[in-house]
Amino acid sequence: MSSIVSLADRINALEESATLGMTKKARELAALGHKVISLSVGEPDFKTPKHICDAAKKAIDDGFHGYSPVAGYPDLRKAIADKLKRDNNIEWNPENIVVSTGAKHSLANVISTLVNPGEEVIIFAPYWVSYSEMVKLAEGTSVIVDGAFDNNFKVTPEQFEAAITPKTKLVMFASPNNPTGSVYTEAELRAIGAIVAKHPNIFVMADEIYEYINFTEAGHFSIGSIPEIKDQVITVNGVAKGHAMTGWRIGFIAAAKWIADGVEKLQGQVTSGTNSIAQKAATVAFNGTLEEAYKMKEAYLRRRDLVVGLLREIEGFKVNMPDGAFYAFPDVSYYFGKSDGTTTIKDSDDFSMWLLADAFVATVAGTSFGAPDCVRISTAAADEQLVEACERIKASVAKLK
Ligand SMILES: Cc1ncc(COP(=O)(O)O)c(C=O)c1O
């Protein structure tokens with residue numbers, strides 16, 4: 001039987017997830033017996049808190065085995081509405097909330113629901129790897145706006161305003177940010193909000209998945225709490241990072257009813273309601289204590305200080321101070337053009353690959369985050385591993401001349 005390889009253009013045009021790709025390579029080297037330190041994946045190294053796991057076990061025993069409503073169980077949507085009021089000063093009813101299979105799914109749903117072919121999506125860079133690919137899938141056009149290193153990688157309101165055209169449909173960014181850890185202040189978000197208010201046809205996708213991992217004194221501010229633009233903001237969040245629940249796959253959007261209805265319609269045809277057991281666990285996560293989440297945040301803060309301190313000792317590394325999330329994002333462009341005698345490092349893709357081969361430390365090149373001078377190093381690992389990884393990196397780069 002002959003087979004004709006004929007993938008759809010939209011899949012051929014798609015990049016593979018760089019973070020998952022690097023993780024795969026690191027696993028392959030580890031399987032060969034190398035002592036790989038894997039700092040490429042964006043995943044807490046903590047276990048899901050016990051009270052949440054208990055809720056999942058109870059959900060199985062209580063018989064939540066069937067299909068759930070497409071947008072999520074009513075008690076979960078109510079718990080999310082309460083959480084938004086409590087933590088974010090955002091007032092939406094359960095009918096404004098749609099629960100999906102992780103925040104990633106929520107983001108993709110919104111883009112497919114709102115963006116027409118040819119419409120522009122402004123993405124603040126550095127950005128999370130999947131944003132631009134999701135826009136591509138929806139046949140939209142990404143307009144990348146670069147945050148400068150000297151502004152802690154944040155895009156200024158002036159830069160944002162300059163990027164708006166009659167085709168702009170959406171602007172999207174994460175705060176706290178993956179990969180830079182940058183946190184937009186209330187003043188910065190209000191200034192961005194004031195620009196959005198002048199353009200009623202532009203929507204904001206506020207990715208707040210790292211909300212609970214915020215080291216600033218002022219804490220988290222949600223752009224969706226600004227009354228003038230409430231109907232223009234889609235707040236996206238979930239349980240993956242703050243509650244250490246990456247595998248449970250629960251994310252949500254909170255938005256104007258017509259947007260929530262559109263997302264529910266799409267989801268109803270593509271996946272239906274997400275996992276029933278995980279929904280019951282997430283309900284407890286949203287209603288319950290944040291004590292564990294705060295403990296994890298303290299550990300991430302300690303590791304941030306540790307890793308940034310060690311990376312700043314490495315010759316040529318330029319390292320910003322992340323205010324949240326669990327990544328360090330050094331600029332390593334000092335090493336571009338340098339060689340260990342065999343391999344010449346041209347860019348951060350080369351750097352990251354070379355580092356894996358030489359130091360057995362897995363990182364992710366900044367290229368796919370829209371920051372080709374940098375590499376992302378996850379700090380969600382044990383302190384000893386982080387110290388060893390930094391030592392190995394230092395010893396390896398010393399070979400580059
Ligand atoms: C900025 C950002 N948004 C969304 C997600 C996806 O979260 P989830 O695991 O809930 O799909 C991630 C995961 O790495 C992320 O870093």
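User: How do E11 and strand E12 pair?
Analyst: E11 and strand E12 (residues 375-378) pair in the antiparallel sense, over 2 bridges. Strands (E, at least two residues) and helices (H or I, at least four) are DSSP runs, numbered from the N terminus. Two strands count as paired if DSSP finds at least two bridges between them.

User: Where do these numbers come from?
Analyst: This is a predicted model, where local features need pLDDT of at least 70 and side-chain atom pairs count only at pLDDT 80 or more, while totals for chains, interfaces and linings use all residues. Residues are numbered from 1 along each chain as its sequence is written, and side-chain values use heavy atoms, with hydrogens and water left out.

User: Back to E12. What is the bridge partner of alanine 365 there?
Analyst: Valine 375.

User: And what order does that sheet of 3 strands have?
Analyst: E9-E12-E11, an open sheet with antiparallel pairing. Strand E9 (327-328) and strand E11 (364-365) are at the edges with a single partner strand each, so one side of each has no neighbour in the sheet.

User: What about the sheet of 7 strands, what's its order?
Analyst: It is open too, in the order E2-E8-E7-E6-E5-E3-E4. The pairing is mixed. Strand E2 (97-100) and strand E4 (141-146) stand at its edges. Each has a single partner strand, so one side of each lacks a neighbour in the sheet. On average, neighbouring strands are turned by 20° against each other, direction ignored.

User: What holds strands together in general?
Analyst: Strands of a sheet pair through backbone hydrogen bonds, either parallel or antiparallel.

User: Is E5 mostly covered or mostly open?
Analyst: Mostly covered: 7 of its 7 residues are buried. Buried means under 20% relative accessible area, exposed over 50%, and partly exposed in between (1.4 Å probe, protein chains only).

User: How many bridges join E5 to E6?
Analyst: 5, and the two strands run parallel. Methionine 172 stands opposite methionine 205 in E6. E3 and E5 also pair in the parallel sense, over 4 bridges. There, valine 121 is opposite leucine 170 in E5.

User: Which helix packs on the sheet and touches E2, E6, E7 and E8?
Analyst: Helix H9 (residues 257-270). Its direction makes about 30° with that of E2. Helix H5 (residues 103-114) lies across E2, E5, E6, E7 and E8, at about 155° to E7. Contact here means heavy atoms within 4.5 Å. Axes are lines fitted to C-alpha atoms, for helices over the stretch in contact, and angles run from 0 to 180 degrees between N-to-C directions.

User: New topic: rings. How many aromatic pairs are there?
Analyst: The count is 20. Rings of Phe, Tyr and Trp (its six-membered ring) pair if their centres lie within 6.5 Å; planes under 30 degrees apart are stacked, over 60 edge-to-face, and the rest tilted. The rings of phenylalanine 124 and tyrosine 184 have centres 6.0 Å apart and planes at 40°, so that pair is tilted.

User: Where do phenylalanine 124 and tyrosine 184 lie?
Analyst: Phenylalanine 124 is in strand E3 (residues 120-125), and tyrosine 184 is in the loop between strand E5 (168-174) and helix H8 (186-197). So the pair ties together parts 60 residues apart in sequence. Phenylalanine 124 is buried at 2% relative accessibility, and tyrosine 184 is buried at 5%.

User: Why do the rings of phenylalanine 252 and phenylalanine 286 get the label they do?
Analyst: Their planes are at 80° and their centres 5.6 Å apart, so the pair is edge-to-face.

User: What lies over the face of tyrosine 184?
Analyst: Lysine 154, at 5.8 Å from the ring centre. The charged end of lysine 230 sits over the ring of tryptophan 92, 4.1 Å from its centre. The rule: NZ of Lys or CZ of Arg within 6 Å of the ring centre and within 35 degrees of the ring normal.

User: What is phi of glutamate 139 near?
Analyst: Near 65°, a positive value in a residue other than glycine. Glutamate 139 is in the loop between H6 and E4. At 51% relative accessibility, glutamate 139 counts as exposed.
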